[in-house]
Amino acid sequence: MMNDVFPASRNAARARLAQFIPGAGQNYAFGRNTDPGPGQPSAVSKLSPYLRYRMITEQEAAQAVLEQHSLPAAEKFIQEILWRTYWKGWLEMRPSVWTQFQEERDRQRDSFPNARAIRNAEAGQTGIEGFDDWARELVETGYLHNHARMWFASIWIFTLRLPWALGADFFLRHLVDADAASNTLSWRWVAGLQTAGKTYLATTDNIARYTNGRFAPKGLATTAVIPPDLTVANPRPIPFAAQWDRQKPALLLVTPDDLNPESLFAPSASIKAAFIAADASTLWGDNARGFVATASRDAAERVNTAFQCPTDILDTLNVETLITQAKQAGAEQIITAYAPVGPVADLFAKFSPRLEQEGITLVQTRRSWDEKFWPHATKGFFPFKEKIPKILGEIG
Ligand SMILES: Cc1cc2nc3c(=O)[nH]c(=O)nc-3n(C[C@H](O)[C@H](O)[C@H](O)COP(=O)(O)OP(=O)(O)OC[C@H]3O[C@@H](n4cnc5c(N)ncnc54)[C@H](O)[C@@H]3O)c2cc1C
């Protein structure tokens with residue numbers, strides 16, 4: 001069912017973007033908060049899996065929209081795209097928040113005394129109207145409307161009083177667009193951990209209004225008790241990202257963090273071979289894995305055409321395989337899109353010493369969109385938002 005909603009190809013992504021563009025102005029601004037339910041036409045784009053795996057980039061989506069609408073007219077949509085960029089930049093400067101989330105999730109998995117309450121919530125068996133439907137919708141379709149994600153997280157944390165990290169984990173295991181930054185930081189935001197003291201409390205009226213009266217759950221929490229948090233470390237600078245040496249033979253590595261290398265690297269005779277690593281361990285659930293498996297085959301075809309080099313798919317991202325393949329191709333460097341904080345970056349960090357030993361450089365290249373926007377995610381979204389018009393102008 002999930003693949004019917006999100007066909008995993010770049011052509012499908014482009015078609016969805018093209019179809020959405022006429023409504024990216026007023027229609028989106030007025031309708032984006034309404035969740036009409038699964039399978040119903042809605043004002044949102046449903047581009048998130050394509051953006052998450054960068055089958056289309058934020059820049060490409062923003063540019064296509066701004067060719068048809070002025071920035072003031074499409075402001076809401078551009079801002080939402082940039083929420084994603086903001087979260088990525090924020091986490092990039094505070095990687096310990098991702099580590100702390102994983103530790104908290106594991107701790108709660110082992111020690112939360114009411115495992116049955118978690119099972120019931122995940123199975124949609126709490127008796128709370130709407131919440132139960134969203135739990136099932138998430139598992140079945142791999143997608144939830146943004147407002148439903150907010151209501152669900154709020155009810156999980158404040159009404160059911162379940163650990164936020166286990167709710168975030170449930171989302172990661174089922175969302176097709178599951179993302180370390182957007183998911184963890186949105187759950188923290190709802191819980192009141194992200195913006196000090198600011199929680200998101202779902203109400204019956206708001207749910208009834210924005211589900212077109214489909215749901216009006218009773219008995220929701222009316223006060224928000226903020227869960228405990230660990231100290232968030234001061235932001236580190238965004239790590240340096242190198243450019244590859246075009247004179248030296250290279251192996252191109254494509255990961256689920258960026259399945260669109262043809263818009264990042266120019267074709268070059270130096271690129272001797274390419275590998276698409278559709279590694280399931282870098283993803284959390286079957287919906288995402290199924291999507292990425294198909295999307296990787298699509299990427300392999302594009303890469304082969306664009307770079308005119310032998311292209312293969314790797315089921316696991318393993319450093320010894322990379323070394324063997326690099327040596328076979330005579331490559332001195334492995335070039336890849338910069339991996340933001342998350343499982344691929346964790347693997348790369350482990351690979352580095354071994355690659356160095358073999359004299360192979362791992363070059364992670366960052367897109368100019370991230371390079372320009374990420375350093376501004378030092379504080380809240382509002383100061384970040386003010387920079388948008390200027391940076392968009394610089395990017396062109
Ligand atoms: C608790 C919670 C968990 C979330 N987990 C994820 C996640 O794992 N992965 C993910 O991609 N998004 C996540 N989001 C953000 C948002 O809900 C989805 O990106 C959005 O619903 C996707 O639908 P769309 O493509 O139709 O969005 P549209 O409204 O059409 O927006 C266009 C694009 O902008 C970005 N975007 C929109 N809203 C947000 C937002 N609030 N935060 C960050 N980016 C946004 C997405 O890339 C989206 O595709 C989460 C939100 C909440 C409240």
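How many residues line the largest cavity, and which of them lie nearest its centre? The legends below take up this question and then turn to other parts of the predicted model.

**Figure 1. The largest cavity and its lining.** The lining consists of 17 residues, and those nearest the centre of the largest cavity are R54, D257, Y338, P340 and D370. The space inside the largest cavity comes to about 150 Å³. Sorted by class, the lining of the largest cavity has 11 charged residues, 4 nonpolar and 2 polar. Helix α6, which covers residues 75–92, contributes the most to this lining, with 3 residues. Domain 1 (2–91 + 373–395) and domain 3 (250–365) each supply at least three residues of the lining of the largest cavity.

**Figure 2. The second largest cavity.** The structure has 2 cavities of 30 Å³ or more. In the second largest cavity there is about 40 Å³ of space. Its lining is made of R52, K88, D179, A180, D257, W284, P340, V341, G342 and P343. By class, the lining of the second largest cavity has 5 nonpolar, 1 polar and 4 charged residues.

Figure 3. The largest pocket holds about 1,400 Å³ of space. Of the 49 residues that line the largest pocket, E80, W83, W87, N146 and S186 lie nearest its centre. Domain 1 (2–91 + 373–395) and domain 2 (96–210) both contribute residues to the lining, so the largest pocket lies between these domains. At least two residues of the lining come from each of α4 (48–52), α6, α10 (146–159), α12 (180–191) and α18 (381–386). Helix α6 gives the most to the lining of the largest pocket, with 10 residues. The classes in the lining of the largest pocket are 22 nonpolar, 14 polar and 13 charged residues.

**Figure 4. The contact of domain 1 and domain 3.** The domain assignment divides the protein chain into domain 1 (2–91 + 373–395), domain 2 (96–210) and domain 3 (250–365). The contact between domain 1 and domain 3 takes 19 residues from domain 1 and 20 residues from domain 3. Taken over C-alpha atoms, the centres of domain 1 and domain 3 are 26 Å apart.

Figure 5. W187 is part of helix α12. Is W187 buried or exposed? The relative accessibility of W187 is 2%, and a residue under 20% counts as buried, so W187 is buried. Leaving out residues up to four places away in sequence, W187 touches F152, A153, W156, I157, W164, G167, A168 and F171. One of these, A168, is 19 residues from W187 in sequence, and the two are 6.2 Å apart in space, C-alpha to C-alpha.

**Figure 6. Helix α9 and the glycine after it.** Helix α9 spans residues 131–141, and its buried residues are F131, D132, W134, A135, E137, L138 and T141. Just after α9 comes G142, with a positive phi of about 75°.

**Figure 7. Two loop residues with positive phi.** Most residues other than glycine have a negative phi. R161 is not a glycine, yet its phi is positive, near 55°. R161 sits in the loop between α10 and α11 (164–174). With a relative accessible area of 55%, above the 50% cut-off, R161 counts as exposed. N212 is likewise not a glycine and has a positive phi of about 55°. The loop between α13 (204–210) and β1 (250–254) contains N212. N212 has a relative accessibility of 55% and counts as exposed.

**Figure 8. The chain around these views.** The protein chain contains 19 helices and 5 strands. The radius of gyration of the protein chain is 21 Å, close to the 21 Å that the globule rule gives for 396 residues, so the chain is as compact as a globular protein of that length. Taken along the principal axes, the C-alpha atoms fill a box of roughly 65 × 50 × 40 Å. Of the 396 residues, 55% count as buried. Among contacts with a separation of 6 or more, 76% are between residues 24 or more positions apart.

Notes
Residues are numbered from 1 along each chain as its sequence is written. This is a predicted model: local features need pLDDT of at least 70, side-chain atom pairs count only at pLDDT 80 or more; totals for chains, interfaces and linings use all residues. Side-chain values use heavy atoms; hydrogens and water are left out. On a 1 Å grid over the protein atoms alone, a cavity is a set of points where a 1.4 Å probe fits but cannot get out, and a pocket is an open set with protein on both sides within 12 Å along at least five of seven lines; lining residues have an atom within 4 Å of a point. Grid points are joined across faces, edges and corners, and a volume is the space filled by probe spheres set on the points. Helices (H or I, at least four residues) and strands (E, at least two) are DSSP runs, numbered from the N terminus. Ala, Val, Leu, Ile, Met, Phe, Trp, Tyr, Cys and Pro count as nonpolar, Asp, Glu, Lys and Arg as charged, and the others, Gly among them, as polar. Domain bounds come from an automatic or database domain assignment. The radius of gyration is taken over C-alpha atoms; the globule rule is 2.2 Å times the number of residues to the power 0.38. Buried means under 20% relative accessible area, exposed over 50%, partly exposed in between (1.4 Å probe, protein chains only). Contact means heavy atoms within 4.5 Å.
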